[in-house]
Structure formats: structure tokens, C-alpha cells
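User: I am about to look at a structure and would like to know what stands behind the words used to describe it. Please set each value against its definition.

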Amino acid sequence: MKLRLLKTEKDYQEALIRLEDIFDAVPGTEQGDELEILGVLIEKYENEHFFIDFPDPIEAIKFRMDQMGFSQNDLAEIIGQKSRASEVLNRKRKLSLDMIRKIAEKMHISSEVLIQNY
């Protein structure tokens with residue numbers, strides 16, 4: 001495939017097909033380099049054409065807790081008290097800046113997600 005910027009949906013679809021064809025290419029080979037460049041081109045096209053909004057902050061926390069095998073007690077250890085964790089998860093208390101910082105650091109959730117209104 002001749003590499004070029006992806007400007008149309010057709011270009012994008014062709015790049016996806018080619019990416020699938022060479023997906024197992026060995027790094028450092030001609031096909032491996034093509035795979036890497038195609039990945040960058042596809043990502044650029046998707047970022048420009050397929051905007052994905054941030055998830056709800058509380059749902060993001062719950063999802064990440066599930067991924068990490070965390071309980072409400074684990075969240076309480078991060079943000080302070082057990083009752084505070086319960087209030088946050090039940091949307092009775094808003095996240096404070098201090099909570100956002102701690103959750104972002106310990107649970108690796110982007111602060112951009114956590115600062116949204118909910």
C-alpha cells in the first residue's frame with residue numbers, strides 16, 4: 001500500500017484493511033514499519049473524525065474500582081473516610097480537588113475525567 005494521509009472514509013477503510021493484513025508483521029522489517037506508520041495515520045484520522053466524550057466521573061471510578069478489584073473500603077483509604085466514599089459513589093457528595101488528585105494518582109484515572117460536572 002502506498003502510504004498517504006487519510007483524507008476520506010474510503011482512505012480510512014482501506015488503511016484498516018491493510019492494517020489487518022499486516023498486523024503480525026515483524027518490527028524492523030518493511031512491513032513492520034508500514035504497520036507502525038499506518039497505526040499513526042489511522043489514529044490521527046480517528047482523533048479528527050470520531051470524537052469520544054469523557055465518561056461520567058463516578059462511573060469511571062466505579063469501572064476502575066472493578067478493574068482493580070477495589071472495594072468501597074479501598075476507595076475510602078484513598079479519599080479519607082468510608083462514609084465519604086459512600087457519599088461520592090452515591091452522588092451525595094461532589095469530588096473535591098484533593099479527592100480528584102488522590103484518585104488520579106492512586107487509581108490512574110485522568111483528572112480531566114474527574115473534574116467534569118456530574
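**Terms and values**

Analyst: Helix α1 passes helix α2 in a left-handed crossing. The model is predicted, so local features need pLDDT of at least 70 and side-chain atom pairs count only at pLDDT 80 or more, while totals for chains, interfaces and linings use all residues. Residues are numbered from 1 along each chain as its sequence is written, and side-chain values use heavy atoms, with hydrogens and water left out.

User: Which residues of α1 and α2 meet?

Analyst: On the α1 side they are E9, Y12, A15, L16, R18 and L19. On the α2 side they are Q31, E34, L35, L38, G39, I42, Y45 and E46. Contact means heavy atoms within 4.5 Å. By class, eight of these residues are nonpolar, two polar and four charged. Ala, Val, Leu, Ile, Met, Phe, Trp, Tyr, Cys and Pro count as nonpolar, Asp, Glu, Lys and Arg as charged, and the others, Gly among them, as polar.

User: How do you know that the span of α2 is close to the expected one?

Analyst: The expected span is 1.5 Å times one less than the number of residues. α2 has 20 residues and reaches 28 Å from first C-alpha to last, close to the expected 28 Å.

User: Why is I42 called buried?

Analyst: Buried means under 20% relative accessible area, exposed over 50%, and partly exposed in between (1.4 Å probe, protein chains only). I42 has 6% relative accessibility, so I42 counts as buried. This residue lies in α2, and the buried residues of α2 also include L35, L38 and L41. Not counting residues up to four places away in sequence, I42 touches L6, Y12, A15, L16 and L19.

User: Why are R91 and H108 put in other classes?

Analyst: R91 has a relative accessible area of 39%, so R91 is partly exposed. H108 has 60%, so H108 is exposed. R91 lies in the loop between α5 and α6, and H108 in the loop between α6 and α7. Both have a positive phi in a residue other than glycine: near 65 degrees for R91 and near 55 degrees for H108.

User: What makes a set of residues a nonpolar core?

Analyst: The members are buried Ala, Val, Leu, Ile, Met, Phe, Trp, Tyr and Cys residues joined through side-chain atoms within 4.5 Å. The largest such core has 19 residues, and I61 and M107 are among those touching the most other members. α3 (57-68) and α6 (97-107) are among the helices that each supply at least two residues of this core. A second, separate core of eleven residues includes Y12, L19, L41 and Y45.

User: At what angle do α3 and α6 pack?

Analyst: The angle is about 30 degrees, with the axes 12 Å apart. I61, R64, M65 and M68 of α3 make the contact with I103, K106 and M107 of α6.

Note on methods:
Left-handed = near helix turned anticlockwise from the far one by under 90°. Helix = DSSP H or I, 4+ residues; strand = E, 2+ residues; numbered from the N terminus. Axes fitted to C-alpha atoms, helices over the stretch in contact; angles between N-to-C directions.
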